[in-house]
Amino acid sequence: MMAEGGQAAAELSEAAQSELMDQCEDQFAQLEKLQNEIILFDFCENPQDQAVNRLMATEAELKQWLTVEPKLLASNSEVLLKAGKEEMLKLCSELEMVVSCHEAKRDKLRETKELEQKWLEEKKQALIAANDHVDRLQMEKGKLPGHSVLHDTKAKIQKMKVYQERLMECLGDILEKHVPCPHQNEPSTNKKKKKNITQELDEDLISLNEILELLMNKVLNTPHDPYVTIDNTFWPPYVELLLRYGIAVRHHENNFKIRLETFC
Amino acid sequence: MSLLKPFSKLPGLCTANILLVESEEQFQQSLADALVEETAVTVNVRLAKSLPLPMENEESRPRIDLVVFIINLTSELSFQSAEASLKYLDPGYFLGKVCFMVTNARNASVPTERLDAVRKLAASLNCPLLFAEDQTPDGVTNATERLLTILKVAAGLVPMATALYLSNLTRCTVPPDIDQPSFD
């Protein structure tokens with residue numbers, strides 16, 4: 001208030017100015033009085049706990065605010081007009097600042113909104129495209145006969161099975177025709193002498209068919225040890241045949257063991 | 001040893017006096033240069049390395065309305081110096097006429113314990129704790145504006161507001177779990 005008085009005084013009438021000066025002096029005298037009181041009081045105050053101190057001060061201030069009564073700045077209308085005008089101008093400039101600040105904020109928000117809308121539009125389009133894709137896929141799925149893929153696969157498996165059957169039959173026929181079981185054809189082809197000698201030990205000779213089966217099963221069941229031991233059920237010419245045509249291989253160290261050649 | 005008292009002298013007309021205490025004297029000067037630019041009120045800036053203030057200037061020294069302790073978080077010494085200086089302030093100052101300003105808080109090499117210690121100190125004294133960036137001009141301007149706001153209230157230049165009232169709203173509070181180990 002004193003500051004306002006000092007600045008405004010230049011343009012005020014003499015009566016108003018002197019009134020204002022008087023008021024200022026009164027105020028200053030009061031201030032000095034209070035100051036002196038404080039200085040005197042300071043000596044007898046001893047530092048206490050910070051929080052208690054603070055609480056007391058806050059309570060005192062609250063009390064002060066509750067009891068204080070607003071009073072007129074000055075009775076002179078000239079002074080009031082001047083002070084009011086200054087206050088208004090100050091308020092105006094402050095409000096202008098608020099307005100410009102808010103305008104800037106609004107513009108920024110608008111920009112953000114546009115960006116967000118653009119983004120939303122893009123997302124919507126993406127959603128539409130994705131939905132289309134889903135629809136198309138579902139339509140395609142509906143159009144096709146239920147389990148066409150499954151049927152195809154089953155048919156192929158069936159075909160392969162038939163083919164394998166045929167191959168096995170062919171192989172069986174060839175073996176039966178060209179390499180028959182030793183003791184079946186012995187009586188018809190071999191001489192009597194030989195028959196007598198071999199009869200005892202060839203009682204349980206097995207066919208080439210079975211030898212091959214043994215070898216194959218051994219390879220499949222125990223791949224780490226594919227060797228089969230040759231015993232008296234193997235007819236030596238068949239073993240020789242297998243070895244010679246590279247169908248079977250002998251063990252490096254043990255002559256009585258053979259395994260199937262590793263066909264890729 | 002003499003206590004610095006908040007009401008030992010008469011206030012000047014339309015004047016606000018601020019005391020910047022910083023042991024390293026780095027940020028003080030730029031802050032002071034920015035503070036005196038203020039036109040609405042006359043701002044007097046006094047600089048000090050630590051308290052107590054020397055006796056010889058006692059007479060010419062105006063009434064100090066706001067004491068600001070500037071603490072550089074990267075140096076332990078800065079914190080210790082500020083802590084030691086607090087003893088030379090009258091208890092009346094802690095009713096809203098003291099604030100702490102911390103710099104370099106974003107520095108990665110700062111131990112979190114030190115920041116916690118500063119926060120505890122500010123909270124135990126019920127003082128506001130400000131964070132400032134001292135490297136950029138923008139940071140200095142910001143710190144200046146915040147200090148000026150507090151200073152004007154502390155100097156009694158804002159009608160209907162007192163330092164105690166403002167500091168009740170702005171004082172630093174410590175979260176209750178500050179002593180818990182953090183999991184980051």
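Tutor: Val67(B) sits in strand 3 (residues 66-72) of chain B; helices (H or I, at least four residues) and strands (E, at least two) are DSSP runs, numbered from the N terminus. This is a predicted model, in which local features need pLDDT of at least 70, side-chain atom pairs count only at pLDDT 80 or more, and totals for chains, interfaces and linings use all residues. Residues are numbered from 1 along each chain as its sequence is written, while chains are lettered from A and ligands numbered from 1 in the order in which they are written.

Student: OK. Is Val67(B) buried or exposed?

Tutor: Val67(B) counts as buried because it has 25 C-beta neighbours inside 10 Å. The cut-offs are 20 or more other C-beta atoms within 10 Å for buried, 12 or fewer for exposed, and partly exposed in between, with C-beta atoms placed from the backbone.

Student: And what is Val67(B) in contact with, leaving aside neighbours within four places in sequence?

Tutor: Val67(B) is in contact with Leu19(B), Val21(B), Leu89(B), Tyr93(B), Lys97(B) and Val98(B), with neighbours within four places in sequence left aside. Contact means that the C-beta atoms, placed from the backbone, lie within 7 Å. As for Lys97(B), it is 30 residues from Val67(B) in sequence, and 6.2 Å from it in space, C-alpha to C-alpha.

Student: Which residues touch the most other members of the largest nonpolar core?

Tutor: Ile18(B), Val67(B), Val68(B) and Phe100(B) do, in a core of 51 residues. Such a core is a set of buried Ala, Val, Leu, Ile, Met, Phe, Trp, Tyr and Cys residues joined through C-beta atoms within 7 Å. Helix 4 (residues 137-154) of chain B gives the most to this core, with 7 residues. A second, separate core has 12 residues, including Ile211(A) and Leu215(A).

Student: Switching to the sheet. In what order do the strands of chain B come?

Tutor: The order is 2-1-3-4-5, in an open sheet of 5 strands with parallel pairing; strands pair if DSSP finds at least two bridges between them. Strand 1 (residues 15-21) and strand 3 of chain B are joined by 4 bridges. One of the residues involved is Leu20(B), whose bridge partner in strand 3 of chain B is Val68(B).

Student: Where does helix 1 of chain B lie?

Tutor: Helix 1 of chain B lies across strand 1, strand 2, strand 3 and strand 4 (98-103) of chain B, and runs at about 170° to strand 2. Axes here are lines fitted to C-alpha atoms, for helices over the stretch in contact, and angles run from 0 to 180 degrees between N-to-C directions.

Student: At what angle do helix 1 and helix 4 of chain B pack?

Tutor: Helix 1 (residues 27-35) and helix 4 of chain B pack at about 65°, their axes 9 Å apart. Among the residues that meet are Leu31(B) and Leu35(B) from helix 1 of chain B, with Val140(B) and Leu147(B) from helix 4 of chain B. The contact of these two helices has 7 nonpolar, 3 polar and no charged residues. Ala, Val, Leu, Ile, Met, Phe, Trp, Tyr, Cys and Pro count as nonpolar, Asp, Glu, Lys and Arg as charged, and the others, Gly among them, as polar.

Student: Last one: how many residues does each chain give to the contact?

Tutor: Chain A gives 14 residues and chain B gives 15 residues. On the side of chain A that touches chain B, helix 3 of chain A supplies the largest share, 6 residues.

Definitions and conventions
Two residues are in contact if their C-beta atoms, placed from the backbone, lie within 7 Å.
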